[in-house]
Every structure is written in C-alpha cells, then in structure tokens.
Amino acid sequence: MDNISRREAGMLYVSDESIFEQQKKARCITQILNTIDRSDFQGIADIIKELFGKTGENVFVNPPFYCDYGSNIEIGSNFFANYNCTVLDVAKVKIGNNCLFAPNVSIYTAGHPIHPALRNTGYEYGEAVTIGNNVWIGGNSVICPGVTIGDNAVIGAGSVVTKDIPSWSVAAGNPCRVIREITDDDMNYYFRRKRPDEEAFGCMGKMWQESGDTEKYPMRGL
C-alpha cells in the first residue's frame, strides 16, 4: 500500500515524495495568502475558499496562516481565525458554525510514535480533530491530535488541549481541563462582572429572538 493510501486510511505512513507533492498546492496557496495586501478582505476570503476543502458563508482568516494540505479542513459558517493560525491537517479537521480563534491558535492532527525506535523509522500518523459550533479558542492555544471540543465551549488562552472537552464548558490550562460550566447567567455579562449596555443588550436579544433559539439560549431581562 502506498503512503498516501496509508495516511488516508488512518494508518502509519511515511512522508515520501508523493506526500510532499500533495503538499505543494497548499504551500503555493498559503504563499499567496500570506503575501497579499492585508486590506484586500475579499481577496483573502477568495483564497481561503480555494484552500479549504469545505467552507460555509462568511469565513475569514487573518494572514499569516499555515497548513499542510488545506483540503482536509472543513469549516462551517461565520468563522474567524486571527493572525498566525497553524493547522497541521494530516487528518480531517472539522470546525462548526460561529467559531472564533484568537491569535496563534494551533491545531495538530499529526503525531509521531513515542518510542524512539518506532519514531526513527520515519513513520507518523494523523488523528482527526473536531470542534463544535459556537466555540471560542483563546490565543496561543494548542489542540492536539484526536481531540473533540463540544458545542459552545470556551478554551482559555495558552491552553494545551490533550483530551476531549465537553459542550458548554469553560476549560483552560496545560493540560487543559474544565474549570466550570457555562450557564444562563453568563448571558448577562461580557467580561467578568461587566454588563452589556442597554443598546448592545437589546441588539443581542433581538438577534437571539430572530434566530428562534431563545429557549436554548435564554437571556434574562428580555
């Protein structure tokens, strides 16, 4: 079995010339992306659609951005990744709707054997990463191979996520662990104990009401 087939089957594989040849397309596209006029927002959005395997509406990445293939990245609608995002997409990376990445977020599906005798053979592997809807990942966070992050989770800055994170959780640390559950009370504050002003609060309430998700996402005082 050739190494491309082994990689796609989730088996150990070696990065040979055929693998490097597949990576050339992503490297060419990211070179264009990372040197484009940063004020050309439409141009950046068009390049991202060409690079990623699947995208929804309103997907934007602030260059520079780096990936291995791009074709293994699937993103829903309303996605934003800030500067210096890296995605090693040896395996699938699936990201839901309404997700936000702060600067320097890294997602690694690629891995190498722990034992040096195995590692020195040149064999490596990929394990898929899945990120749900409405997830916010803080700056300088690392998502390790095989991790799933549930819907509506928040990952604190500087986290190293080595295990699955459940939905509706605030999690942080190295290794990343759940700190607390996200509750209805969090709808009333945007930073620590700071409340949204009347205009912003009313606007958010209107958006939730129009979305039809008011039972799932209640807002007190509306």
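A salt bridge, as I use the term here, is a side-chain nitrogen of Lys or Arg within 4 Å of a carboxyl oxygen of Asp or Glu. Please keep in mind that the model is a predicted one.

By that criterion the structure holds four salt bridges, and I shall discuss three of these in turn. In one of them the side chains of Lys-24 and Glu-21 meet, at 3.2 Å from N to O. Both residues belong to helix 2, residues 17–33, where they are three residues apart, about one turn of the helix. Lys-24 is partly exposed at 47% relative accessible area, and Glu-21 is likewise partly exposed, at 48%.

Another salt bridge links Glu-74 and Lys-92, with the closest N and O atoms 3.0 Å apart. Glu-74 sits in strand 5 (residues 73–75) and Lys-92 in the loop between strand 7 (85–88) and strand 8 (93–95), so this pair ties together parts that are 18 residues apart in sequence. Lys-92 is partly exposed, with a relative accessibility of 34%.

A further salt bridge joins Glu-8 to Arg-7, the closest N and O atoms being 3.6 Å apart. Here Glu-8 is exposed, at 59%, whereas Arg-7 is buried, at 9%.

Let me turn to the cysteines. How many disulfides does the count come to? It comes to zero. The sulfur of Cys-28 has its closest cysteine sulfur in Cys-67, 12 Å away, which is too far for a bond. For Cys-144 the closest is in Cys-176, at 10 Å, again too far. Cys-144 itself is buried, at 17% relative accessibility.

Seven strands form an open sheet in the order 3-6-9-14-17-19-20, with mixed pairing. Its edges are strand 3 (59–61) and strand 20 (177–181), each pairing on one side only. Strand 6 (residues 79–81) runs parallel to strand 9 (residues 100–101) over two bridges, and Phe-80 stands opposite Leu-100.

Strand 19 deserves a word of its own. Two bridges join strand 17 (residues 154–155) to strand 19 in the parallel sense, with Val-154 partnering Val-170. With strand 20 the pairing is antiparallel, over four bridges, and Ala-171 has Val-178 as its bridge partner. Strands 19 and 20 form a hairpin with four residues between them, and Gly-173 in the turn has a positive phi of about 110°. Within strand 19, Ser-169 and Ala-171 point one way, Val-170 and Ala-172 the other, and all are buried.

Methods:
Residues are numbered from 1 along each chain as its sequence is written. This is a predicted model: local features need pLDDT of at least 70, side-chain atom pairs count only at pLDDT 80 or more; totals for chains, interfaces and linings use all residues. Side-chain values use heavy atoms; hydrogens and water are left out. Two strands pair if DSSP finds at least two bridges between them. Buried means under 20% relative accessible area, exposed over 50%, partly exposed in between (1.4 Å probe, protein chains only). A disulfide is a pair of cysteine sulfur atoms within 2.5 Å.
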